Amino acid sequence: MTESSSPPLADLLHAAVTTVGGTERPGQTAMAQAVAEAIDDCSHLLVQAGTGTGKSLGYLVPALAHGERVVVATATLALQRQLVERDLPRTVEALHPLLRRRPEFAMLKGRSNYLCLHRLHEGVPQEDADEAGLFDPFEAATPTSKLGKDLLRLRDWSDETETGDRDDLSPGVSDRAWSQVSVTSRECLGASKCAYGAECFAEAARERAKLADVVVTNHALLAIDAIEGAPVLPSHEVLIVDEAHELVSRVTGVASGELTPGQVNRAVRRAAKLVNEQAADALQTASEGFERLMELALPGRLEKIPEDLGYVLMALRDAARTVISALGATRDASVKDEDAIRKQALGSVENIHQVAERIVEGSEYDVVWYERHDRFGASLRVAPLSVSGLLREKLFDDRSVVLTSATLKLGGDFNGVAASLGLAPESAQDPEGGEEVAPRWQGLDVGSPFDYSKQGILYVAKHLAQPGREGSRADMLDELAELVEAAGGRTLGLFSSMRAAQAAAEDLRGRLDAPILLQGEETLGELIRAFAADARTCLFGTLSLWQGVDVPGPSCQLVVMDRVPFPRPDDPLMSARQKAVEEAGGNGFMAVAATHAALLMAQGAGRLVRASDDRGIVAVLDPRVERARYGSFLRKSMPDFWYTTDRNQVRRSLAAIDAAAKAQGA
């Protein structure tokens, strides 16, 4: 079946929207038409679709109508589950009579998300078990530890589950327990060598994906598929990237590397029993040298690799290469389950070799830095200076790509996000078909069904002192307390650091009667449920709250941002990216720091209006949004709320909103 034999798109969209119990919206219709045209032309499209547009149907309906395989990549587990468990089943059911075919769909994740039957039945390789100090929980009749109970539950679940997908296990288990029954792609024996290959959950998921018309995956797996050369996704003609504002960050994460003393020591222990003494000793010696150096490491970027670090990394690289060769050349039939142990050791040592060699080679396109964590100690990290070239080369080749999000226009246009993806400014594309340096694309803003100018107010507290790099902000805390009191609670507090969130929670708990929930004091899901359940409650937190909260109704009528969320001045990667833009003649601050802040503020402001009857205020307690030259760029990136700097007006509005909510019993 091809798109030429499909019914009109308007009929398909109407059927899908009717089936899900929704209402057709002009923005959704415009989006669906644009997606269909991009697929037909094999062109690329950036679509900004505000909250409430119904963007999932806006791309699913034209994609299913086209009849070719489509991959949908999203950033969050919540949207993946929504697509596979709700949107796709209902959409397929609605379109089936019209298309006269029933499109199949499947979810595909990284291998470590699936239960490994080999690990479950054969156990963790002995070295790891010794390191963790574990008893054998599967042989214990009544394990008393949480780990033992989790593992016994996983064993029972393995007989019931059809997918082996960790996210299908409810309630879940700890990361420590899951690590005992899962493997990474580096550790996997491969279906042909594994005794459980025919029953493998990960392989079954890949086979389902090969047969599906729609494959739902995540940004990380999409990045691995593009970067590592070995395809993990089935061939496809259409790629749809939802939550596309997150893509650059996720691709950067996949393209980054890290070395820590603990990681290197584990690799040494894993390999020592499998290779000759000389190879093991060389890796041990290199590991000790690396550990001594890391004890003295100070956080910060390494613009040039110090001589002592260079020697240590070369020793690690060379020793790792020798061990890799030895692991491939020797076998010991007396070692129980030797293939699994060898594969795990090989994966650990290959990672060390890869990262050490990358840093030693010293590419001008990489950023290298030391990091130090209070709990985990020092680490050596490397990340690409930019992923735009990588995305331009790998993402937009031989397929139509649609990227969509509620926040793709920053400062009023798509060019900032487009540049981060390796796309030229929309106005710079050659309409005459001359030589192109980047893929051609079109940007479309389909708006939102919400009337932001009537449903919300953007308030900037321009009377406050400009926030400094350190120290408390007494005037900001006074302002915050007054706003929360005027709102009757109902406040989502978005802070630029955990320290600031903690200080605000401690201060306001001593002043106000309203319950103050703080991120980190309970799981995020529990906090959000408690926040939504009691309108008087406030929820304070940092980064994940800026993007991860969906609480429509009277429980969230005031969203407060304590300051513009610029990257930390000492962030090595962001600082390097800013410097690179400046050296190329651009405005590094606007291209990197301001764009980063604008994206977060757009996402944060989007927490306020989640339904057509929501009302409230976004308060930014940083006068720079009004006073600084870049303030208009930040304001243009947020929803089109009615704008004011009048503190008295805001307090009257909050009091009125609170009174209306109480009158409705909320």
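Val-72 stands opposite Val-216 in β4. The model is predicted; local features need pLDDT of at least 70, side-chain atom pairs count only at pLDDT 80 or more, and totals for chains, interfaces and linings use all residues. Residues are numbered from 1 along each chain as its sequence is written, and side-chain values use heavy atoms, with hydrogens and water left out.

Strand β2 spans residues 70-74. Strands here are DSSP runs of E with at least two residues, helices are runs of H or I with at least four, and both are numbered from the N terminus. Two strands pair if DSSP finds at least two bridges between them. β2 pairs with β4 (residues 214-218) in the parallel sense over 5 bridges. β2 also pairs with β5 (residues 238-241), again in the parallel sense, over 4 bridges. There, Val-70 has Val-238 as its bridge partner. In β2, 5 of the 5 residues are buried, so the strand is largely enclosed by the rest of the structure. Buried means under 20% relative accessible area, exposed over 50%, and partly exposed in between (1.4 Å probe, protein chains only). In a regular strand the side chains alternate between the two faces of the sheet. Val-70, Val-72 and Thr-74 lie on one side of β2, Val-71 and Ala-73 on the other, and both faces are covered.

A separate description applies to the strands β6 to β9. These 4 strands form an open sheet in the order β6-β9-β8-β7, with antiparallel pairing. β6 (257-259) and β7 (300-301) stand at the edges with a single partner strand each, so one side of each is left without a neighbour in the sheet. β8 (residues 366-373) and β9 (residues 377-384) are joined by 8 bridges. Trp-369 stands opposite Arg-381 in β9.

Nonpolar packing was examined next. A nonpolar core is a set of buried Ala, Val, Leu, Ile, Met, Phe, Trp, Tyr and Cys residues joined through side-chain atoms within 4.5 Å. The largest has 88 residues, and Leu-46 and Leu-421 touch the most other members. Helix α24 (residues 588-605) gives the most to this core, with 6 residues. A second, separate core of 38 residues includes Leu-13, Ala-36, Leu-45 and Leu-64. Contact means heavy atoms within 4.5 Å. Beyond its neighbours within four places in sequence, Leu-46 is in contact with residues including Leu-403, Phe-414, Leu-421 and Trp-441.

Thr-595 lies in helix α24. Thr-595 is buried, at a relative accessible area of 17%. Its side chain reaches the backbone oxygen of Ala-591 at 3.3 Å.

Ala-320 belongs to helix α14 (residues 307-329). Its relative accessible area is 0%, and Ala-320 is therefore buried. With neighbours within four places left aside, Ala-320 is in contact with Leu-283, Val-349, Ile-352 and His-353.

Grid points are joined across faces, edges and corners, and a volume is the space filled by probe spheres set on the points. The count comes to 3 cavities of 30 Å³ or more. α5 (117-122), α9 (201-211) and α15 (338-361) each supply at least two lining residues. α5 gives the most, with 3 residues.

Note on methods
A polar contact is a pair of N or O atoms within 3.5 Å; within protein, one must be able to donate a hydrogen and the other to accept it, and residues adjacent in sequence count only if both atoms are side-chain atoms. On a 1 Å grid over the protein atoms alone, a cavity is a set of points where a 1.4 Å probe fits but cannot get out, and a pocket is an open set with protein on both sides within 12 Å along at least five of seven lines; lining residues have an atom within 4 Å of a point.
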